[in-house]
Amino acid sequence: MEEYSTHSRGETVALGRSLAARLYPGALITFTGGLGAGKTALCQGIAEGLGCTDPVSSPTFAIVNYYRGPQPFAHFDLYRIHTEGDLAAAGFYDYLDLGAVVAVEWSENCAEVLARESPIAIDIQRTGENDRRITVTGL
């Protein structure tokens with residue numbers, strides 16, 4: 001387990017860039033943390049670190065955003081997904097099979113299913129207005 005502290009959105013994005021260097025094709029990252037914790041900011045850094053050039057945004061309404069690059073990145077939001085069937089219908093397994101790095105926000109909604117894929121777990125907790133404690137397990 002690794003623990004990091006960030007004190008701005010920019011530091012959270014930079015942490016994502018550095019973590020990206022340690023990811024591999026087909027890696028699954030599960031995120032936990034409340035609204036506004038910084039999950040999308042960390043994903044922005046991961047996408048940048050993977051060489052993706054598309055702008056990163058929250059996939060809340062789309063369910064998944066796909067970012068092209070030397071190492072493709074699929075960014076899921078499971079806020080409205082609660083079953084393995086819904087997860088499969090959203091293309092989750094297809095992205096893993098293609099070798100994309102896959103990040104999942106609101107992973108607790110499908111925790112048992114995702115656990116079977118041996119994910120890298122990232123928990124983000126707000127410790128102040130701009131401060132975050134980020135715990136990474138399995139990387």
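The bridge partner of L28 in β5 is V102. Strands here are DSSP runs of E with at least two residues, helices are runs of H or I with at least four residues, and both are numbered from the N terminus. The model is predicted, so that local features need pLDDT of at least 70 and side-chain atom pairs count only at pLDDT 80 or more, whereas totals for chains, interfaces and linings use all residues. Residues are numbered from 1 along each chain as its sequence is written, and side-chain values use heavy atoms, with hydrogens and water left out. Strands β2 (residues 28-32) and β5 (residues 101-105) run parallel and are joined by 3 bridges; two strands are taken to pair if DSSP finds at least two bridges between them.

An open sheet of mixed pairing is formed by 7 strands, in the order β1-β7-β6-β2-β5-β4-β3. Its edge strands, β1 (2-6) and β3 (64-67), each pair on one side only. From one strand to the next, the twist averages 20°. Axes are lines fitted to C-alpha atoms, for helices over the stretch in contact, and angles between N-to-C directions run from 0 to 180 degrees.

Helix α1 (residues 9-20) packs on the sheet, where it touches β1, β6 (120-126) and β7 (132-137); contact means heavy atoms within 4.5 Å. The direction of α1 makes about 150° with that of β1. Helix α2 (residues 39-49) also packs on the sheet, touching β2, β4 (73-77), β5, β6 and β7, and its direction makes about 155° with that of β2.

The axes of α1 and α2 lie 6 Å apart, and the two helices pack at an angle of about 40°. The pair is therefore oblique, the class left once angles under 35 degrees (roughly parallel), over 145 (roughly antiparallel) and 65 to 115 (roughly perpendicular) are set aside. In the contact, R9, T12, V13, L15, G16, R17 and A20 of α1 meet A41, L42, Q44, G45, I46, E48 and G49 of α2. These residues divide into 6 nonpolar, 5 polar and 3 charged, where Ala, Val, Leu, Ile, Met, Phe, Trp, Tyr, Cys and Pro count as nonpolar, Asp, Glu, Lys and Arg as charged, and the others, Gly among them, as polar.

Residue I134 is placed in strand β7. I134 is buried, with a relative accessible area of 0% (buried, under 20%; exposed, over 50%; partly exposed, in between; 1.4 Å probe, protein chains only). Leaving aside neighbours within four places in sequence, the contacts of I134 include E2, T12, L15, L42 and I122. I134 and E2 are 132 residues apart in sequence, with their C-alpha atoms 8.2 Å apart in space.
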